[in-house]
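Visitor: I am new to reading structures, and I would like to ask how the descriptions are reached. Could you walk me through this one?

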Amino acid sequence: MVETLTKSRFGIGTNAPRPDGTAKVSGEFSFSSDLWAENMLWGATLRSPHPHARIISIDTSAALGLSGVEAVITAKDVPGQLTYGLISADQPVFADSVVRYMGEPVAAVAADHPETCRRALDLIEVVYEALPVLSDPEGALDPTVAAIHPDGNLIRHQRIVSGDPDVTGDVVVEDTYVIGMQDQAFLGTESALALPDSDGAGVVMHVATQWLHEDQKQIAACLGLAPERVRLQLGGVGGAFGAREDISLQVHTALLALATRRPIKMQYGRHESFFGHVHRHPATVWMRHHADTSGVIQKIEARFLFDGGAYASTSSAVLINGVTHAQGPYKCDNAVVDGYAVRTNNPPCGAMRGFGVVQACFAHESQMDKIAQALHLDPVEVRLRNAMQQGDRLITGQVIESVAPVQRLIEETRQIPLPPEASPHPDPLSLPGGSGLASEARHVRRGIGWGVSIKNIMYSEGFDDYATARCTLKDGKASLKFATSEVGQGFVTIAQQIARTVLGVDDVDLEAIDTDIGSAGSTSASRQTWMSGGAVDGACRLVRERLFQIVGQQHNVDPLRLVIEEDEIVDPLGAFRVSVREATRDLVITEEFEHHHRPTEDLDENGQGNCHVAFAFVAHRAVVDVDPELGLVKVVQIATTQDVGRALNPLSVLGQIEGGIAQGLGLAVMEEIIVKDGRVLNPSFTDYLLPTTLDAPEVVARLVEEPDPQAPLGAKGVGEPPCISVTPAIVAAIRDAIGRDIPRCPVRPQDICL
Amino acid sequence: MPIYTPTSVREATEIFAENPEAMLLAGGTDFMVEVNFNHRKPSSVINLARVNELKSWHLDTQTSVIRIGATVPFSQFESSEFEQLSPALSHAARTVGSPQIRNTASIGGNLGTCSPAGDSLPVLFALDAQIEIASLQGTRSLSIHDFMLGPKRNALSVGEIVAAITIPVASGFQDYAKVGVRNAMVISIASACFALQDNQCRIALGSVGPTIIRCNEAEKFLQDYITQSSPPDLETIREFSRLAAVAAQPIDDHRSTATYRRHAIEVLARRLAMRSFSL
């Protein structure tokens, strides 16, 4: 039930300022890379130069002999489980007999200085015997190709068969789409500080992560320790976008701390970071749409191939997201979809903002334009005719119970004014190619493209990703305790806003974010506002209930009649009124609450089942200027309308929208990790290009606020949708400008002009 | 590691003579990257930040020559005063990195590094720049064409410092254009400088060969039309740009393909030539 909450100062619905905002802007915020401890040593990792090789021998003696080196560890020094992983533990802490991707950790050192570490790494002698590199994901499906991992080359296959698979349409369009490997490119690279307990049988870790408790579980298993002997505290996180879901340097840092009995700091540089975390899956998606003569979809056929790289990470969940979102935000009764996630000797891929849906969306939105083109219809009209509504059934058989205002999103986006026509005398920097001054106004053609998406929020397939929060009310002040990773998204702000509104307080302290309370689940899947927000809301309501009981007893008022108005407890039916501050003097009320979403199910062999919790929708319209001859682009404007349920902090929502659009633009026109024969060719910000201010478009955003009855505060997650359909919208605008097909992203200059 | 901070070119050359293995530090935007990546481990550094005579540029109105100190940062070429004297170098400077990088990165650094993607180099090649080189033995002057030998290779001998670059004041149209896969802060995948200097057609290409390429055939072809009273027609300019593209020696790498680079050169050459004739 969503009730109307009273709006207190900086409560729910306001643009409350971030508690960490000033510190971040002024440079005083302590990121995990700023961590330091007395008597600290530095750790560093030796990585495989080969994408696939047998390890013949490792000789660490010379490194150990170097002055300043305190420890050198390899696979044989791992006391617990030798492997880890989010879904299946298939990834070695250190490569033992085989390395399966370029950059795989082989050994780690602890020394008095990062430079000593570097020299020590040079002194470790590893003899490799190169093995054939499996770099083609299609080859990984070939049963005659040797398995590169004991678990085999196929990570998961899922088929979806819905309705009548034999239906055909009057119009049939198909293509094979290629989506490149994107990097999350968070600005704060991986870093952690591990402090060993004095008895050497436990460790305290400060780490920048998305999910403290999952890290704790995986680290403890590898250390062979009980989870309570591995306590985690969140280090200041400089962005995440999925890249901090998997373990990176956590186990190595803890092992070195336990080996040396001294604090260990590890930190990756940008180059190492490209090898130190999973990336967005490159994918090949074949789709065939059948439509009737009015453009209404009759059937979808699709085949997804996700390259998971050397280890499983979250590939199986990414695959499920891909195949279950194949239809996009459109009605479709009949479907035959096959999806495969495979192992190769390419870099491991896993979670990134949009999680499998980005790949599906690029394909289905490109297909919607093909249907429009085949029938000479407006791309908007085709989308409106097929738009999904609340109550519709997905190809998995699941009924959309979430608010699903797809038509409204498209209509409202269409009403956003287009940017002014290109000026005949523009600022040269605003042209395609920008500062390169290669294009002139006369060379530029403008295109318009659309993208609409559906994205599941929260975890799927039977997983209970609950969240825990504790609220304490004392002397008119609230304090909140949770293990929710603040990665920049602003949950710390939302949490304070919820407590202010529910409890009528102004001051809300935030306690340390650590494992001294139950799990909050991961900061991913656009889930924390819903899940941890629900937990904070629940804990605050329990506290309020007890407060009303105490106040009611003291003042002889029925507690059920009491409500919070601004900063007072009020009996709206009588004259009673007392300030929260007054009422809580000498009183301490503490309550803890776990929020669970409704249960979900696994898919059956035909891909049927209620596997997702809820869905969020968004529409994007892109206006792009293209220099067709040089293949250069300038994204002029993105208009968007997003289904947010309810904007708890509109400014924060806008921040997610603008950031997500920049990230989606990156995938559309420049961001790609280039891998050849298993080797990464551009592991630097010199050659892995992120959009600059000159690449970023004007963003005109509107919000549709139809509170979702299932969401604790009516608010849907808003983090992922902004980056999903903006990519196909931009590519569609490029196609519109030049009048030809481009079946891949990112779009490179040569894809446009050659 | 000793870091020397001389205050004159003379002092710098003395230190360099005593420490021939020393690295010269100007803006540091190339050098520090190499140090950070451990590609270079200098045993000593000569910091040129306090050598004032390297930090400014002067116009000799008598000879119409601009003499540019080696450590002049690219941001100084962005001024409208400089743009009037040398539009191509000014425009090339604007394409370098970000404002922060342009505030420190120097034109001498482009010569020290000698990357074919160095943004100022096609301009220096098109204008037949002279490089003034200082050492304990005195100074010598070298044409840019003899200075840049290949990727990251130049004609500096042990103990020699680039002191200044001289280029003529623009006597006709000149411009620079660059293609990269981002609208700012990007390494060029193809670039070109076109100039009509003293009624001579010049075109130099960047990022499409081991060194900067002057397109002699294309220049000669267009030259015949420049001296005529009526401007060349579109077909002539197309042939000119085709010849420029033929001169390119591009390769495939992770930034682009040889085919695209050659195509981009043809487009850039045509557009720059058309700009020059106001077509």
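Visitor: Which residue stands opposite A134(B) in strand 10 of chain B?

Guide: In this predicted model, the residue that faces A134(B) is I161(B), in strand 10 of chain B.

Visitor: What makes strand 6 and strand 10 of chain B a pair?

Guide: Two strands pair if DSSP finds at least two bridges between them. Strand 6 (residues 130-135) and strand 10 (residues 161-168) of chain B are joined by 5 bridges and run antiparallel, so they meet that condition.

Visitor: How many strands form the sheet they belong to, and in what order?

Guide: The open sheet has 5 strands in the order 4-5-10-6-7 (chain B), with antiparallel pairing.

Visitor: Why are strand 4 and strand 7 of chain B called edge strands?

Guide: Strand 4 (57-60) and strand 7 (138-143) of chain B each pair on one side only. From one neighbour to the next, the strands of this sheet are turned by 20 degrees on average, direction ignored.

Visitor: Which helix packs on that sheet?

Guide: Helix 1 (residues 9-18) of chain B does, touching strand 6 and strand 10 of chain B. The directions of helix 1 and strand 10 of chain B make about 135 degrees.

Visitor: Where are the domains of chain B?

Guide: The domain assignment gives domain 1 (3-168) and domain 2 (174-276). A separate annotation in UniProt, from an unreviewed entry, names residues 1-172 of chain B "domain: FAD-binding PCMH-type". Over that span the chain is 30% helix and 24% strand, and its end C-alpha atoms are 49 Å apart.

Visitor: Now to chain A. What span is expected for helix 13 of chain A, and what span does it reach?

Guide: The expected span is 1.5 Å times one less than the number of residues. Helix 13 (residues 528-555) of chain A has 28 residues, with an expected span of 40 Å, and reaches 38 Å from its first C-alpha to its last, which is close to that expectation. After helix 13 of chain A comes N556(A), whose phi is positive, near 60 degrees.

Visitor: Which strands does helix 13 of chain A lie across?

Guide: Helix 13 of chain A lies across strand 21, strand 22 and strand 27 of chain A, at about 145 degrees to strand 27. An open sheet of 4 strands has the order 23-22-21-27 (chain A), with mixed pairing. Its edge strands are strand 23 (508-510) and strand 27 (588-595) of chain A.

Visitor: What makes strand 21 and strand 22 of chain A a pair?

Guide: The condition is at least two bridges. Strand 21 (residues 467-474) and strand 22 (residues 477-482) of chain A have 6 bridges in the antiparallel sense, so they count as paired.

Visitor: Which helix gives the most to the side of domain 1 of chain A that touches domain 3 of chain A?

Guide: Helix 13 of chain A again, with 6 residues. In this contact, 17 residues of domain 1 of chain A meet 19 residues of domain 3 of chain A.

Conventions: Residues numbered from 1 in each chain as written. Chains lettered and ligands numbered in written order. Predicted model: local features only at pLDDT ≥ 70, side-chain atom pairs only at ≥ 80, totals over all residues. Helix = DSSP H or I, 4+ residues; strand = E, 2+ residues; numbered from the N terminus. Axes fitted to C-alpha atoms, helices over the stretch in contact; angles between N-to-C directions. Contact = placed C-beta atoms within 7 Å. Domains from an automatic or database assignment. UniProt positions renumbered as here; feature names shortened; annotations may be inferred.
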